[in-house]
Amino acid sequence: MIEPAQRIKEIPPYLFAGIEKKIAQALARGEDVISLSIGDPDLPAPESIIDALNGAARDAENHRYPSSAGLPSFRRAVSDYYAARFGVHDLDPETEVVALIGSKEGIANLSFCFIDPGDLALAPDPAYPVYRGGTALAGGSCYIMPLLAENGFLPDLDAIPREVAERARVMWLNYPNNPTGAVADPAFFEKAVAFARRYDILLAHDSAYAELTFDGCYAPSILQIPGAKDVCVEFGSCSKPFNMTGWRLGFMVGNAAAVRALSTYKSNVDSGVFQAVQLAGIAGLRDPQPIVERARQVYAARRDILVDGLNSLGWSLSKPKGTFYVWAPVPLGYDSGSFAEEVFEKTKVVLTPGAGFGRFGEGYFRAALTTEESRMAEAISRIRKAFGGFVF
Ligand code: MLT
């Protein structure tokens, strides 16, 4: 019998793989499913980006192997974007930027560069599952940093025992935060950078949702903190700001040794991003504001429909300032799995159970705002019809 390696036997299937299967089965039965599950924008990639792809796809130069670190022009565009957007002017495109086949790829692979079997990473919980998944695949384990509502969904760095901090090789952070929607301020980043410096930890900040903030809220880059590059890398993504999830384009910037390590790893396992996709990404990075401003307006309007709707059913949620997710407690009498299941059974509205993001996600569900306003309103109306209201 063909046996997979232990690491594959031990890793659970990806959270959204299971949910997608459930949705596909319901659609095959002809059910009218409203998915508020995976964060996959329903908006199209902008014309400027599609035009750039079209032009680049016709140039045979782009049909050849790309460099796995990324086109110099793409890396330059990332560095210029950091200067314009965050005032981070000193990113060297040659040594401090690497292109990724989507930030998920780089996040998973970074662990292979810094985690040896038995090593420890510090990971938030609830969180995007890839921080823990990548660590586990590399043979490491995670010390969990709980993200609690009473701390604004920021980890309490002072609560991490000294011996744990001394053992840790990598610390994962993610703001604006998936799944909670929390946004971190520079004071928290300063504290996190100081912590990473004190214990010689590589601080890996996932900044995929940096452009998706509302109500005048500004999401800083961790690289704005003086000296951050000594210990930090930051992941960026073209997926969420430019509606390019299927195109697979992201980047990692920051600490040169980490960029070199990931580039070395990647040159052994992949052959880079299709150059035409990188050239299209440049079109977004060179003029992002009109694109992201429209996206912010769309998501804010959907957020208001969903949050106001849930509040009319008994919740008392405040409106998230970042990401396109609403993170909400489940009503009395449910856990996250039973609530998502019953809502799906009765309404065909798909929510993501909070426990899918980790132990501290239990008691919550996540709803993504990547479905149009009328469907969002329809989801609320189906839930109202099926349940009336809820007690907390
Ligand atoms: C999500 O949390 O919905 C993710 O962004 C989906 C993913 O990247 O796999």
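Guide: A residue is near a molecule if one of its heavy atoms lies within 4 Å of it. This is a predicted model, in which local features need pLDDT of at least 70, side-chain atom pairs count only at pLDDT 80 or more, and totals for chains, interfaces and linings use all residues. Residues are numbered from 1 along each chain as its sequence is written, and side-chain values use heavy atoms, with hydrogens and water left out.
Visitor: Which residues surround the ligand?
Guide: The ligand is surrounded by Tyr14, Phe16, Ile38, Gly39, Tyr128, Asn178, Tyr209, Lys240, Tyr325 and Arg366.
Visitor: What about polar contacts?
Guide: A polar contact here is a pair of N or O atoms within 3.5 Å. A side-chain N or O atom of Lys240 is 2.5 Å from an oxygen atom of the ligand. For Tyr209, a polar side-chain atom lies 3.2 Å from a ligand oxygen atom, and for Tyr325 the distance is 3.3 Å.
Visitor: How much of the ligand's accessible area does the protein cover?
Guide: The protein covers 88% of the 270 Å² that the ligand has on its own, by the Shrake-Rupley method with a 1.4 Å probe.

How values were computed:
A polar contact is a pair of N or O atoms within 3.5 Å; within protein, one must be able to donate a hydrogen and the other to accept it, and residues adjacent in sequence count only if both atoms are side-chain atoms.
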